[in-house]
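I opened this notebook to record what I looked up in a structure, one topic to an entry.

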Amino acid sequence: MSELLKNIIRFAAFILVQVFILNKIPPLHGFISPYLYFLYILLLPFSMSRISLVFVGFLFGLTLDYFTKTPGLHAASCSLIAYLRPFLINVLVTHEGMGYNYTEPAPSSMGWTPYIVYVLVLSFIHNAYLVFLEWLQFGNFWYFLGKVFSTTGISFLLIMITETLFYRKQKFRTNT
Amino acid sequence: MRNIFLFIRRYFNFVFFVIIQIVALSMLFKYNRFHEAAFMGVAGEFTGRISEKYNKVEYYFQLKKTNEALVNENAHLRNLLKQDFLPSDSTQKIVIDSIRIDSLERFRRYLYMPAKVVNNSVTSQTNYITISRGLKQGVQKDMTVVSSEGIVGTVINVSNNMATVMSLLNRQSRVSSSLKKTGETGTVEWDGNDPQVLTLRNIPKSARVNIGDTVVSGINSSYPPGQAVGYVTAVEAEKSSNFYSLSLKPATNFFNIQFVYVVKNLQKEEQDALEKATHKQDLQ
């Protein structure tokens, strides 16, 4: 299966899972909503240019927004993490030529520890920005803080469950 | 000049990112105020279709409850039938007034149009309902939506075959309502926490309120007056003001709503035009 086709199928699958399964769950303790959809952005191939990353992030967020009737909310936070993603990968991945040898970020291509840091940092940024935009419209500071941390925890848990359920074996590619 | 171009070329990634952010945020803030966004009509049609497919499965599991609600409504309507009532004294002659009553088309004020709910949420803080009836079937923006049990919300977006409704369970929803027994008028809001609890504000402390009282839509709301909004579950006196803040249980069960009625106010244009003209006169 080509990379493009795989990512198009993932696009639809993540949107449908988020809209029709996770968004139907009543918020835990009144305010924690489970977010998994932005894993799509974390899994985009290494080889994508920065511009196309931001653009895909915007498009992906906007698609979800049209389902939840909040145009711009998820699009803003998705394009933010898509923009920050290359910086983080550069910091976390130290060995040479990594981006050429593997296609996409995964525990098997990055190693578990860098991958967990990668997921934690980006999901924290995503949730903080998302809840911040919501907070501008209503809520108080403790609500904001509590929601950011608890939502990040739930997102991290969901991503790790997904990662172990659908284990992605990354092949080491060489030029020879 | 050349330096500016060089600067833009060097930081093109960042500039592009900032532009995308500005587009997203302006969409968000514009939508929060006016409920309008680019491509919302087309996207609503598309997401509505997908939700319709999903609802076909979901609907099956709620058939029993939907059936019960419809039977209750039928019973209620049957109890209103004219032939079920007898005059108390049969020796008197019944005089039928020659004034045309409102069953005639010309005096009708509200027209009810049934619609199927295809998507519904209760878990977010801004909940919307999608119904499969749109512009082509006579739904317009700002029409109100009621269910067999009570009021539901207001139409905020319409496409050709779909419409989205802002439900009572939305932080931006405000409904003018009054106590059924004594008639004091206040505003019903939702605080975004518990979908089982609405809040009714601005009821003066002089009002007599008991737990279990019915709250109905008021005469200055856009809903047909007298539709159930909720039932009082707790009475709390605001310490710093002269008003009560009442907790209500919504009359409509938003968890398994499947059929609603879109209400068209046939005199709305006339009323709006008159009120606008009066307001203009005031300003002069």
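**Entry 1. Model.** I noted at the outset that this is a predicted model.

**Entry 2. The contact of chains A and B.** I looked up how many residues each chain contributes. The contact draws on 27 residues from chain A and 26 residues from chain B. On the chain B side, the elements that give two or more residues are α2 (12–34), α3 (40–61) and β2 (126–131). I recorded that α2(B) gives the most to this side, with 11 residues. I then sorted the chain B side by class and found 13 nonpolar, 11 polar and two charged residues.

Entry 3. I examined how helix α3 (residues 50–68) of chain A lies against α2(B): their axes come within 9 Å and cross at roughly 10°. Angles under 35 degrees count as roughly parallel; α3(A) and α2(B) are therefore roughly parallel to each other. From α3(A), I listed A:Arg50, A:Ile51, A:Val54 and A:Phe58 as making the contact, and from α2(B), B:Asn13, B:Phe16, B:Phe17, B:Ile20 and B:Ala24. By class, this helix contact has seven nonpolar residues, one polar and one charged.

**Entry 4. A barrel in chain B.** I traced a closed barrel of six strands in chain B, in the order β6-β7-β8-β11-β10-β9, with antiparallel pairing. Neighbouring strands of this sheet are turned by 40° against each other on average, direction ignored. Which residue of β10(B) is the bridge partner of B:Val216? I found B:Ala228 in that position.

Definitions and conventions:
Residues numbered from 1 in each chain as written. Chains lettered and ligands numbered in written order. Predicted model: local features only at pLDDT ≥ 70, side-chain atom pairs only at ≥ 80, totals over all residues. Contact = placed C-beta atoms within 7 Å. Helix = DSSP H or I, 4+ residues; strand = E, 2+ residues; numbered from the N terminus. Nonpolar A, V, L, I, M, F, W, Y, C, P; charged D, E, K, R; others polar. Pairing = 2+ DSSP bridges. Axes fitted to C-alpha atoms, helices over the stretch in contact; angles between N-to-C directions. Parallel < 35°, antiparallel > 145°, perpendicular 65-115°, else oblique.
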